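I opened a new notebook page for this structure.

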Amino acid sequence: MPGPRPPDYLAAGHTIGSWLLTLDHKRIGLLYLFAITFFFAIAAFAAALMRIELLTPAGDLVTSETYNRLFTLHGVTMVWFFLIPSIPATLGNFVIPLMIGARDVAFPRLNLASWYIFMLGGLFTLYAIVMGGVDTGWTFYTPYSSTYSNSHVMAMAAGVFIAGFSSIATGLNFIVTIHKLRAPGLTWGRLPLFLWSMYSTSIILVLATPVLAITLLLIVLERCFGVGIFDPKLGGDPLLFQHLFWFYSHPAVYIMILPGMGVVSEIIAAFARKPVFGYEVVAASSMAIGVLGFLVWGHHMFVSSQSVYAGVVFSLLSFLVAVPSAIKVFSWTATLHRGHISLETPMLYALGFIGLFTVGGVTGVMLATLAIDVHVTDTYFVVAHFHYIMVGGAVMAFMGGIHYWWPKICGRMYPEWPARIAALTIFLGFNLTFFPQFVLGYMGMPRRYHVYPPEFQALNVLSTAGASILGIGYLMPLVYLTWSFFRGRRAGPNPWGATGLEWRTDSPAPEHNFAETPIVTTGPYHYPVQP
Amino acid sequence: MKAPHLTARVCFANYAALMVLLALTALAARAPLGAWKAPVSLGIAAAKMALVFIFFMQLRYQRGLVRVFALAGFFWLGIVLTLMFADYLTRGWLP
Amino acid sequence: MSNTLTHPAASPYSDREQHAVANHLGMWTFIATEILFFGGLFASYSLYRWAYPAAFVTGSKHLEFWIGTLNTGVLLTSSLFMALADLAVRAGRRGALRWSLLATWLLGALFLGLKFYEYHLAAKEGHVPGAHFRLEVPQAPQVELFMFLYFAMTGLHAAHMIIGLGAIAWLLWLNHRRRLGADHDAPVSMVALYWHFVDCVWIFLYPLLYLVR
């Protein structure tokens, strides 16, 4: 007869101190969730202003100066203060120890420290924004950022630099956790695919972020000294900045998408009630994406005056990195085939991911083609491409994951019909926002401009209309998820009937995760699940 | 039977080797080595670093996984250097 | 409740060996990040040395060869004492731990003292890049580029040394409070790895900056 039910992690302390000084990975995951939601709102507000400006061809809402600062704010905040931490620091922190059958991550104090470091970085960035912002674009290209810009580059660079250490700490923690804290019987060959994705992501976090850090530091030094290594006056090369910046920033996009792919693998298996097709190949693909992602950065520099020969090499490598991603799409499709599919909200998001990620990925291969890129570089074609991946892909996967693990997070179910409606609203709004941008870019509308020729107006109006719908779609979960946290229907340990160690413990998760260390005796997707 | 581990003797021997290498590298800077100067001084530095890694940082006594982690950073640095120079060497950038 | 104030975290480890290996993996991962952090500077250095070999020779000749060489010896010696500290803590010898940590700290401080003296000399002679640079040599702009790299690389290294000195002071305090010993040696082992690595960075900086001929 089991003993009294251990307290769940939410009941174990109600003071502010119990949250701000927690060492519990689940609470830290929620701290991150609040933080990134806040930053998302700021970045989304900037996007709203941009889209409103773009309703008309003339620059009538804001000046070009202000517009530059808006898209910089949007990019910096979305990339570093929403997307990069989104799945890893919220769902990763919450789920990974549960999924491997551990009591916590390898270094719980480092985990809490990473949140404070993140918030410190956010503070510097907010300061820069409040003081007027930065107009260099999120890419901080030299020599504008290092020499000529009169905006608060140093403060914003400092904010991102600091937040980078949070990324490194998170990645380090996950790598050691996955290596050393797996439950007995949980061999690498039995690891759920979310963990393979997170492991690969963590390698990127740890090896790419430091290069960003030194690059930002060099910009700050150049602004301090008045001269620096990117300065042509000293014989420096501004392109060196781009090499170092993109060495991080290309792998960074895999930091943003790999966790999403992991979430999608879990959801597809659970809602098709089938093992993921080609488990080993999908796991290997996650690792391949992580490694190959480091070899392609020059495709951001095709027209920068980089060597054409290097361009050819980067182009070929970029085609290569698309292969493991495509393998995953085939694998998910094959998993769905002849599965017992049910269309709850997480599945809707996962299906949306597969379609939208495919569009984004295919247009990525187009951009990797040198000849095409020369025409569409720095146009809205590129903007549409990366939003298909990052919003149509990563954010949809994030939403899917939040809904999937929601019962484990708060012990209650979200309301299914409002959630489905929100998912469909987001899907429709997203496509209406960004598909016209492919056409606009192909027709020649450049990015980062707040004025455009009148013939582009119709598509811009469609895009802005879509953005309004998308905004409503994002507001809905904010409302019903908050409501369901306190008033939703109570959930049992495994409301989805899914496999995975996280579903073998109570909802909400107990404070120390498991009453006894679970022992794993089967592979990861052992459907059908015995009740 | 205790697993092999670092001892004071090994520490001092390692230190002596490091100081010898330091003297060598300082001398080599003044020797007429021509084009070999850079490879020699960097080679000696690499040797010193290897000694510190293997003995002071005790990689000799650690399991394989730890050694892989230790070397991974250098491998990735190699990627930066290789592909970066692939651009500069084929660009005709030098004035 | 997992609150640092009232309860320690439920340790996720089942035994000490597992915890020790985890600590080592974690520290080496951190060192890998440092290799890439400094690596960006090394990559930049490599590019410009390849592009401007004569200017780099000129720049290197204007550095204080003997201070650089002496400092290299100082750091190597500090690593010796740090390694001895690691042995001392694992043997539970608190006295030996104290003086070897103290020796490490003093040598590290000596390094920084010499370094800042070197910076002072460089400033006096107009080697600092920027508005006050006044070296009248052929290819002066590229020599200024070399000097920028010199200050950036040694400055970043010095910052790491300062953090290292703070960490060693923390160890001395822990030892004073009898919180280090054969069964609680992780802080010393981890700080030692950090310290040795920072030493390794200097091992490379020395020939790259002082020995370009």
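**Entry 1: a term first.** I count a salt bridge when a side-chain nitrogen of Lys or Arg lies within 4 Å of a carboxyl oxygen of Asp or Glu. I also note that this is a predicted model.

**Entry 2: chain C against chain B.** I looked up the salt bridges across this interface, and the rule finds one. It joins B:Arg63 to C:Glu17, with the closest N and O atoms 2.9 Å apart. Which elements of chain C give two or more residues to the side that touches chain B? I wrote down helix H1 (16-51), helix H3 (65-90) and helix H6 (186-210) of chain C. H1(C) gives the most to that side, with 18 residues.

Next I looked up the contact as a whole. It takes 43 residues from chain C and 46 residues from chain B. I also found five residue pairs in polar contact between the two chains, both residues at pLDDT 80 or more. The size of an interface is often given as the accessible area lost when the parts come together.

**Entry 3: salt bridges elsewhere.** How many salt bridges does the structure hold over all chains? The count is nine.

I picked A:Asp237 and B:Arg91, a salt bridge with its closest N and O atoms 3.3 Å apart. This pair crosses between chains. A:Asp237 sits in the loop between helix H7 (193-225) and helix H8 (238-272) of chain A. B:Arg91 lies in the segment after helix H3 (64-89) of chain B. Shared partners join A:Asp237, B:Asp87 and B:Arg91 into one network of salt bridges. Are A:Asp237 and B:Arg91 buried or exposed? Both are buried.

A:Arg69 counts as partly exposed, at 23% relative accessibility. A:Glu65 is partly exposed too, at 36%.

**Entry 4: a nonpolar patch.** I found a surface patch of about 410 Å², made by A:Val308, A:Val312, A:Leu316, A:Phe319 and A:Val365. Helix H10 (residues 308-336) of chain A gives the largest share, four residues. A:Phe319 is found in this helix. Its relative accessible area is 33%, so A:Phe319 is partly exposed.

Notes. Residues numbered from 1 in each chain as written. Chains lettered and ligands numbered in written order. Predicted model: local features only at pLDDT ≥ 70, side-chain atom pairs only at ≥ 80, totals over all residues. Heavy atoms only, no water. Patch = residues over 30% accessible without salt bridge, like charges linked within 9 Å, V, L, I, M, F, W, Y side chains within 5 Å. Areas by Shrake-Rupley, 256 points an atom, 1.4 Å probe, with all protein chains shown as cover. Buried < 20%, exposed > 50% of the residue type's maximum accessible area, 1.4 Å probe, protein only. Contact = heavy atoms within 4.5 Å. Polar contact = N/O pair within 3.5 Å; in protein donor to acceptor, adjacent residues only side chain to side chain.
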